[in-house]
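Hi everyone, thanks for coming.

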Amino acid sequence: MTVVIDTRSDLTLETARRVGWPHENVRLRDRVMVAMAEGRDRLLRVLEHDPEITIYGVTTGAGQMAKTRLNPEERRGWAKMSPVGAATSWGDPLPERVVRMIVLARLTNFVEGHAAVSPAIAQGVAAMLGGAMMPVVPARGQGGAGEILSLSHLFMDLVEQVEPEEKDVMCLVNGSPSATGLVTDAALVAEHRLQVAAEILALSFEAFNAPLGHLAQELEGYWNNPHDGWALSTLRGLVGGGHGGERRSYQAPVSYRIVPRMLGQAHRAATMASDVAAESLQAITDNPVWIDAVDEDHPHGQFVSTGGYHNPHALLAMDSLNAAYANLCVLAERHGAKLLDGNVSLLPDQLIGQDGGEGIRRGYMGCIPMAQTGYEEEARLYAQATLLPGSESGGFGQNDVASPVFLAWSKQERAGLCLD
C-alpha cells in the first residue's frame, strides 16, 4: 500500500499510523511538486527583488551568526554545509515507527510550498519512507532549543546524497516534526493501551464481584463529561450482566468505584494527545517561513522568523498521559492486593494439593503486589511535570531555552510500559 499526499490536509493520524506501523511508503502527487516548485521560485524572486534582504540562514548565518550577512558566493557555500556537526547526541534510539512518523511530519512544511524547499530535497525525504532502514535517532541528549540535533541525525545522509541549495538544509533541520512524530506516536499507542486497560480492569471488577450499580448508565449524565461517559459505557459493555450469580450487596473499595473516573481521565488525556497530534501533523512550523504578506516593499511575500519549531502543546498532552498511566498503575496495584486478600475479595484461598494431610501452597501469588508497587513507583517518578528549563540552556546565545519534548515522550513511553 502507498500513502498519497496531495495537500497537508492528507497528513492525518490514520496516515501516520499507516506509515509508522505497516511501514507503507509515501508518494507526492504532481500537484505537490508544482506547489513546491512555485514556493522555490518565490524564494528566488524575493532574493532577486531585494539582494539586501535579511532571511535567517539564507542571507545570514544561523544561530550565533544570525547577524552575519552573507554575499551570494557565501550563501552558496553555506547552503552546501552538512548538518553532521549538529548530530551530537547519542544513547537509546527512538523506535523505527517513531522515526518514520517524524519523516512524514517533515513533509508538512514542504507540500504546499511554504518552506521554499527544493523539490528534489522533498522527494528525497518522501523516498526515505520507501522501505529502507531508518537512520538512528537517539531519544536521549536532545536538549536543543529546537530540533536540529535529532533532525541532523535523521537527514545528514540525505544532504550528502542530494546537493542542497540555499535554505534547503534549514528546511530539513528547522520546524517541529520531531515533536509531531513523538506526540503522534504517544496518541496512537494510548488509544490501544487504554482499551487493554479497560478490559483488564473490567476483569478485575468482575472477579471482585463489585456491584453493577457502580457502572450505572445514569452516572453518565450525573458526572457530566464525555470521557467518564466513555469509561462507564465501555466497562458496562465488557462486564455486561456479570456472571449471573448474586452480586456483592455492599459497595466495593474506592479503588473499584473510581475505575470509571480514572479511565475517564485517561481517555481525556488520550483525546488531548490525539487532538494535538492531528493539529501538529498539519501545522506549518518552518523557520524562516514564507507568509503571504504582499506590499510595495514585498511584492512576492515575506520570509519571517518564528518560534513555530517549539511545540509546548505536545509536552502538555504527553504529561497528561504520564499522569493517567501512573494513576492506572496505582489502581492496578490496589486491585492486585485486594484480589489476593480472600477476606476482602471473598475469593478462595490458594491452597493447592495435599501432603500427609497438610496443605501445600504452590505458585504463591502473594508477592505480585510487591512487584506492582515497584512499577507503580517508577511510573509515579515519570509522571512529574515536564517544564521549560529553569536556567539558560539549549545551547548558547540565541538558543537560550531548550525544548524538553523528547524528555516528555521518554517519560510517557516508560510510564506506559510500567502500566503494561
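Let's start with Pro 288, which counts as buried because its relative accessible area is 1%. The cut-offs here are under 20% relative accessible area for buried, over 50% for exposed, and partly exposed in between, with a 1.4 Å probe and protein chains only. Please keep in mind that this is a predicted model, where local features need pLDDT of at least 70, side-chain atom pairs count only at pLDDT 80 or more, and totals for chains, interfaces and linings use all residues. Residues are numbered from 1 along each chain as its sequence is written, and side-chain values use heavy atoms, with hydrogens and water left out.

So where is Pro 288 found? Look at the loop between helix H12 (259-281) and strand S3 (289-291). Helices (H or I, at least four residues) and strands (E, at least two) are DSSP runs, numbered from the N terminus. Leaving out residues up to four places away in sequence, Pro 288 touches Ile 55, Tyr 56, Lys 167, Phe 303, Val 304 and Ser 305. Contact, by the way, means heavy atoms within 4.5 Å. Gln 265 sits 23 residues from Pro 288 along the chain, and their C-alpha atoms are separated by 38 Å.

Now for a residue at the other end of the scale. Gly 390 is in the loop between H15 and H16, and it counts as exposed because its relative accessibility is 89%. Gly 91 is 299 residues away from Gly 390 in sequence, while the two are 24 Å apart in space, C-alpha to C-alpha.

On to the interior. In soluble globular proteins, nonpolar side chains tend to be buried together. A nonpolar core here is a set of buried Ala, Val, Leu, Ile, Met, Phe, Trp, Tyr and Cys residues joined through side-chain atoms within 4.5 Å. How many residues does the largest nonpolar core have? There are 94, and those with the most contacts inside this core are Val 26, Leu 28, Leu 94, Phe 110, Leu 263 and Leu 328. H8 gives the most to this core, with 13 residues. Apart from this core lies another one of nine residues, among them Leu 43, Val 46, Ile 53 and Trp 290. As for Leu 328, its contacts beyond four places in sequence are Leu 194, Ala 197, Leu 201, Met 262, Leu 263, Ala 266 and Leu 419.

Helix H4 deserves a glance too: it is mostly covered, with ten of its eleven residues buried. Among those buried residues are Arg 97, Arg 100 and Arg 106.

On a 1 Å grid over the protein atoms alone, a cavity is a set of points where a 1.4 Å probe fits but cannot get out; a pocket is an open set with protein on both sides within 12 Å along at least five of seven lines; and lining residues have an atom within 4 Å of a point. Grid points are joined across faces, edges and corners, and a volume is the space filled by probe spheres set on the points.

The largest pocket has a volume of about 1,000 Å³. Of its 41 lining residues, Tyr 56, Ala 62, Gly 63, Ile 148 and Asn 399 lie nearest its centre. H7 gives the most to this lining, with four residues.

The second largest pocket has a volume of about 570 Å³, and 23 residues line it, with Ile 200, Ala 332, Gln 372, Leu 419 and Asp 420 nearest its centre. Which helix gives the most to this lining? That is H13, with eight residues.

H13 (residues 312-340) is also the place of Glu 333, which counts as buried because its relative accessibility is 10%. Setting aside neighbours within four places in sequence, Glu 333 is in contact with Pro 369, Gln 372, Thr 373 and Glu 376. Its side chain also makes a polar contact with the side chain of Arg 334, at 2.3 Å. A polar contact is a pair of N or O atoms within 3.5 Å; within protein, one must be able to donate a hydrogen and the other to accept it, and residues adjacent in sequence count only if both atoms are side-chain atoms.

Last stop: there is one cavity of 30 Å³ or more. The largest cavity holds about 40 Å³ of space, and its lining includes Ala 105, Arg 106, Ser 176 and Leu 281.
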